[in-house]
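The following exercises are to be worked with the sequence and the model at hand. Each task is followed by a solution in steps.

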Amino acid sequence: MLDTLDLNVSLDKDTYKTQIEALMRELRQLQQACWEKKLPTIVVLEGWAAAGKGSLVKKMVEYMDPRGFVVHPIWPATEQERQYPFLWRFWQKLPARGSIGFFYHSWYTHVLEGRLFGRLPETEVHSAMSQINAFERQLMDDGATVVKFWIHISKKELKSRLKKAGADELKAWRVRPEDWQQANRYPEYAAFAEEMVSRTSTGIAPWTLVEGDCERWARVKVLTKMVTSLREALDRLQSQALPPVRDPQEQLDATEPDFLGQTDLSVSLDKKDYKKQLRKEQLQLRKLQLSIHENQVPVLVLFEGWDAAGKGGAIKRLTDVLDPRSYIVSAFAAPTDEEKAHHYLWRFWRRLPTAGTIGIFDRSWYGRVLVERVEGFATETEWRRAYQEMIEFEEQLTSAGCVLVKFWLHISPEEQLKRFQEREENAFKQHKLTTEDWRNREQWSLYNVAVNQMIGRTSTPTAPWTVVAGNDKYFARVKVIQTVTEAIRSELKRR
């Protein structure tokens with residue numbers, strides 16, 4: 001594919017000046033339109049070292065409002081960034097709705113330079129590319145425009161530009177030893193780039209291959225594609241039809257498993273056994289915390305469940321004997337304005353635990369297929385595609401070595417009513433009961449369907465759901481700790 005490009009194409013100065021001026025003016029107008037329509041844009045600039053990406057970015061933003069874009073120069077991952085899945089650092093930098101993010105190098109550096117210099121094992125290359133495809137599809141499904149450029153230059157031109165830059169005292173500092181490695185291993189790097197382009201040029205996020213030996217030609221081609229892509233995105237938004245509205249499903253179909261209905265809510269522990277087992281399990285977990293740290297294993301525990309199901313009490317017993325410096329509990333409520341300006345998974349990527357620590361989420365991304373589904377905050381199209389998005393997200397976590405434990409704390413409607421009434425009568429617990437809790441209770445049948453479908457569609461071998469019988473709080477608290485310790489032991493044995 002790359003070797004079919006005609007690197008001899010060129011553009012004379014006069015034609016270039018005329019075309020580039022008109023393109024930059026139109027790009028400025030389109031930037032304003034994207035801001036008004038709240039369309040996020042992600043521009044990926046990849047290519048050989050010294051291919052002109054820096055000067056290209058400077059030209060692209062020359063007429064643009066600097067308040068509406070950010071340029072992200074991407075270098076090899078830092079020590080902190082390597083403690084997360086490789087896409088973590090890019091989620092942090094995604095533009096908000098209406099803004100433009102320029103990635104000068106990007107997530108593709110992971111499968112190019114990472115591969116060339118042995119930082120990415122060959123056994124992980126195809127998985128990384130699949131994760132990239134899923135990442136870009138999720139962003140575009142959420143309304144983003146992703147425009148990707150590979151600027152291709154010949155080996156002769158690459159060496160010439162590196163020599164020229166190295167001799168310029170103002171540019172020499174930008175020439176890395178890795179850049180010369182690209183030149184010295186040109187055929188190998190070109191083969192990696194060829195495979196990357198073929199595997200990640202998808203229907204919704206195709207690569208634009210740019211002939212780069214003539215910088216004037218490259219700039220005009222890139223800006224022309226940018227203008228075209230933004231126009232098309234705005235046109236799609238204008239013609240976008242409203243999603244169909246269907247009646248909510250209140251009962252499970254006969255073919256759908258009832259995971260909650262199969263749960264034995266009669267199981268219990270007496271107080272004496274509870275105290276004995278709780279202490280035993282807590283001590284086991286405390287010992288495992290040291291192993292987590294020594295082996296740099298990240299652990300993430302998600303709690304979902306009915307209102308008043310005992311999530312807070314279970315979290316309290318889970319953390320009681322742990323070193324507080326090595327765990328963080330994050331409670332998620334309705335998203336803030338800043339969070340709503342990004343993909344719904346963005347706020348959860350930001351709170352992931354680092355290697356060697358434990359993250360505990362009180363509520364999670366599953367709100368997309370629970371409260372957002374039932375309350376209509378997400379369209380049917382959005383919550384239906386979320387099942388796949390969440391599975392892909394979790395696969396990235398577990399493939400990076402994260403222990404992921406997911407709990408649904410289940411109680412009966414009768415037990416919930418009893419606990420609601422107890423909270424009403426207890427001055428110290430009244431703050432826990434809200435009008436929203438009562439309203440959610442009235443929609444029990446809708447949530448029952450949503451929960452069962454969530455479990456059935458997102459319980460995977462590496463990230464299974466554990467439904468915890470919660471009518472007896474003693475039993476539930478011990479069960480939670482047992483499940484977490486078993487999951488951690490399993491990962492430690494695997495390493």
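**Exercise 1. Identify the residue of E3 that stands opposite Val43, and describe the sheet around this pair.**

Step 1. Opposite Val43 stands Phe102 of E3. Helices (H or I, at least four residues) and strands (E, at least two) are DSSP runs, numbered from the N terminus. The model is a predicted one, in which local features need pLDDT of at least 70 and side-chain atom pairs count only at pLDDT 80 or more, while totals for chains, interfaces and linings use all residues. Residues are numbered from 1 along each chain as its sequence is written, and side-chain values use heavy atoms, with hydrogens and water left out.

Step 2. Strand E1 (residues 41-47) pairs with strand E3 (residues 100-104) in the parallel sense, over five bridges. Two strands pair if DSSP finds at least two bridges between them.

Step 3. The order E2-E3-E1-E4-E5 describes an open sheet of five strands with parallel pairing. At its edges stand strand E2 (69-73) and strand E5 (207-211), each with a single partner strand, so one side of each is left without a neighbour in the sheet. From one strand to the next, the twist averages 20°.

Step 4. Helix H8 (residues 186-200) packs on this sheet and touches strand E4 (145-152) and E5. The direction of H8 makes about 155° with that of E4. Contact means heavy atoms within 4.5 Å; axes are lines fitted to C-alpha atoms, for helices over the stretch in contact, and angles run from 0 to 180 degrees between N-to-C directions.

**Exercise 2. Determine how many residues of helix H4 (residues 109-116) are buried, and which elements they pack against.**

Step 1. Buried means under 20% relative accessible area, exposed over 50%, and partly exposed in between (1.4 Å probe, protein chains only).

Step 2. Seven of the eight residues of H4 are buried, so this helix is largely enclosed by the rest of the structure. The buried residues are Thr109, Val111, Leu112, Glu113, Gly114, Arg115 and Leu116.

Step 3. These buried residues pack against E1, helix H5 (125-141), E4, helix H7 (177-184) and H8.

Step 4. After H4 comes Gly118, with a positive phi near 75°.

**Exercise 3. Describe the order of the sheet that contains E9, and the pairing and burial of E9 itself.**

Step 1. Five strands form this open sheet, in the order E7-E8-E6-E9-E10 and with parallel pairing. Strand E7 (327-331) and E10 are the edge strands, each with a single partner strand, so one side of each is left without a neighbour in the sheet.

Step 2. Strand E6 (residues 299-305) pairs with E9 in the parallel sense over seven bridges, and Glu304 stands opposite Trp408 in E9.

Step 3. E9 is joined to strand E10 (residues 465-469) by five bridges, and the two run parallel. Here Trp408 stands opposite Val467, and Lys406 has Trp465 as its bridge partner.

Step 4. In strand E9 (residues 403-410), eight of the eight residues are buried. Val403, Val405, Phe407 and Leu409 lie on one side, and Leu404, Lys406, Trp408 and His410 on the other. In E10, four of the five residues are buried.

**Exercise 4. Locate Arg368 and state whether it is buried or exposed.**

Step 1. Arg368 lies in the loop between strand E8 (358-362) and helix H14 (371-375).

Step 2. Its relative accessibility is 8%, so Arg368 counts as buried.

Step 3. Apart from neighbours within four places in sequence, Arg368 is in contact with Asp142, Tyr344, Arg373, Ala378, Glu382, Trp383 and Ala386.

**Exercise 5. Characterise the crossing of helix H1 (residues 13-37) and helix H9 (residues 215-239).**

Step 1. The axes of H1 and H9 come within 9 Å and cross at roughly 30°.

Step 2. H1 and H9 are therefore roughly parallel to each other. Angles under 35 degrees count as roughly parallel, over 145 as roughly antiparallel, 65 to 115 as roughly perpendicular and the rest as oblique.

Step 3. Residues making the contact include Tyr16, Ile20 and Leu23 of H1 and Val220, Leu223 and Val227 of H9.
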